[in-house]
Amino acid sequence: MLTIKNLKAKIETSEGDKQILKGINLTVNPGETHAIMGPNGSGKSTLASVLTGREGYVVTEGEVIYDGKDLLELDPEERAREGIFLAFQYPIEIPGVSNVNFLKTAINEIRKSKGEEPMTSVEFLKMMKEKAKLVNIEPEMLSRYVNVGFSGGEKKRNEIFQLAMLEPKLSILDETDSGLDIDALKIVAGGVNKLKSNDNAFIVITHYQRLLNYIVPDFVHVMYEGKIVRTGGKELALELEENGYDFINDLKENAEI
Amino acid sequence: MENNLKENKTGIDLTKKLINEFQSYQSKLNGDASGNLNKLRMDAMSVFEKTGFPVKKMEEWKYTNLSPVMNHDFKFSSDLSDSDITQADIDKYIFSAGSVNLLVFINGIFSSELSSVISNNESIFIGSISEGMTSHKEIFDKHYSKYADYNNRSLAALNTAFFPEGAFIYLKKNTELNTPVHILNISDTKVNSVFSQPRNLVVIEEGSKIFIAEDYYSAGDNSSFTNMVTEFYCGKNSHTEHYKIQNEDERSFHVGMTQVHQEQDSHFSNTTISWGGSIIRNDLNSVFDGTNTESHFFGLYLLSGKQHVDNHTLADHKMPNCFSNELYKGIIGDNATGVFNGKIMVREDAQKTNAYQSNGNILLSDDATIYSKPQLEIFADDVKCSHGATSGQLNEDEMFYIKSRGIGDKDAKSLLLKAFVSDVLDSIKIEEFKVNIEEKMEMKLKNILK
């Protein structure tokens, strides 16, 4: 589904360019869940931004093939229509735009790109009701403006609700666990687990192992300084939980010698 | 010298033409010439003759240049033959098939055939000013030209001097009129460029309530120039909702003054929306002549091409305990220009005044311009006043968030722009009219985001 080869990217800041990704290699197949862990500043969120086409990031080398297409050639909205979804670390508030209107517009744009008829209001409302239950979204939240006045937990649940509505093939969850208490975490993880299938895949970016108790990954990758420095099974996450990222310092020392 | 040559290039001097027109009009008046109304006209004309059209060196006209208007060979209402605008044409402009009191003016002339008034009774008069000034003479004499002071305002003087036609609306004490009034103004420019000067008088007596939509269209390929004046008298504890919508085409010029006089405990709300027209100047002034009055000014300008829209407002707090709130928003694209000048005057006696003002703008291109100027003049010491002005581009984080859900660039912009102006549109309390406005906005946004 997704093949990332030697991906290098920099960000353009007012103080000059900064190289963040320094050669990422990753393959994701349908039905798989990949966790990407690593200390702050290792480039996890940058990877999410590059994959979804956020402005301000420049790919300097490498390629990303998604479903046989050169992903980096596509605009953010085209990537979304092809089935890529990002659950934001910091969901954006959009005053004046209701959740209902926002999702209806999004769904119909995606359908239009596939040559499908727009969804009728009845179908849409039915779908919304069903999916809202997945992550305990109150009907009242749907008519409110997108994320405006939502608590941190509500915003994260709303991201997973949008994911459920748009039915993407590849979902990237960027620190979805940050700022969630244990009950909210269980709700969010429960929603994700119900949405998993053999046809879709998840990339779960997280700083802590906690979330991976509930969303169990097939692979765990450790990122450090813009590279994946270790890959393992779900047990790697537990090891990190116990020993922290100390092994990275060992790697570094070795590298320096 | 050079300047003179330029002005004479087209061979047209609108000011001179208007003076001649006024003289020939006076010569046809016969016996009416000595009446009070004609004295007023002559006085107003002398003010116009002295000052002429406003020019940019006047502080109040710093950003708005009317000289492009002067190059057109406008015909006056009195010179025009009958318009061929039909009922079928009118249907395009009305927002409600149901109950509405419709007054239609074509090139400033009242059309009784195309108008339909359903609410008139002994407490309500909705009609033309020429009929109303006779049938409700006492009311007319008491209020006409008592609020729109034309000294130092040459355009209002010009309007007062000619005074051909307009709407007259009168609600007697304690009359609640829930059927809206629609004043539809059309410039028929199919054959000629047209100059019209609508003059409306609205008198809402104590305890009465009204909804008025006043809108402007042009039909045809020539230019139009509208110089309108609407006067409002809002009696004690009355409630007025007024909407002014400018839908003219890109060959149209529009200058206008809405002058409001508010008595104690009255509530007045105005929403001014400008998306048509080439050069537009709106003056909205409300004078609070009683305690505890409330006034709301909402505005929206949605500009593309080379459009120029100038909104000047004044909330004149003369008495204590009054409240005014103002919210104007603009979306400006291409090479268009917006001007917002919001003045809040708090006079010495106006203690416990609450006055708020906000102007927000989104500029969609590097060549779009906004001049935004709050102007607070406060002479009382126990008041609460605030103002704020913003201008900027669409928020990039919001844009990315929306696009990341599959929504394309134009639709994402449109979604955000509609959200940006939603609080202004929410001020429109006639539901069918609001729906109509939203449809028009959709079209205008498509045009701006083309």
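E432(B) counts as partly exposed because its relative accessibility is 43%; the class spans the range between buried (under 20% relative accessible area) and exposed (over 50%), with a 1.4 Å probe and protein chains only. The model is predicted: local features need pLDDT of at least 70, side-chain atom pairs count only at pLDDT 80 or more, and totals for chains, interfaces and linings use all residues. Residues are numbered from 1 along each chain as its sequence is written, chains are lettered from A and ligands numbered from 1 in written order, and side-chain values use heavy atoms, without hydrogens and water.

E432(B) sits in helix 11 (residues 431-448) of chain B. Helices (H or I, at least four residues) and strands (E, at least two) are DSSP runs, numbered from the N terminus.

Most residues other than glycine have a negative phi.

Strand 5 of chain B (residues 167-171) holds L171(B). Is L171(B) buried or exposed? L171(B) is buried, because its relative accessibility is 0%. Leaving aside neighbours within four places in sequence, its contacts (heavy atoms within 4.5 Å) include I124(B), L177(B), V203(B) and I210(B). L425(B) is 254 residues from L171(B) in sequence and 26 Å away in space, C-alpha to C-alpha.
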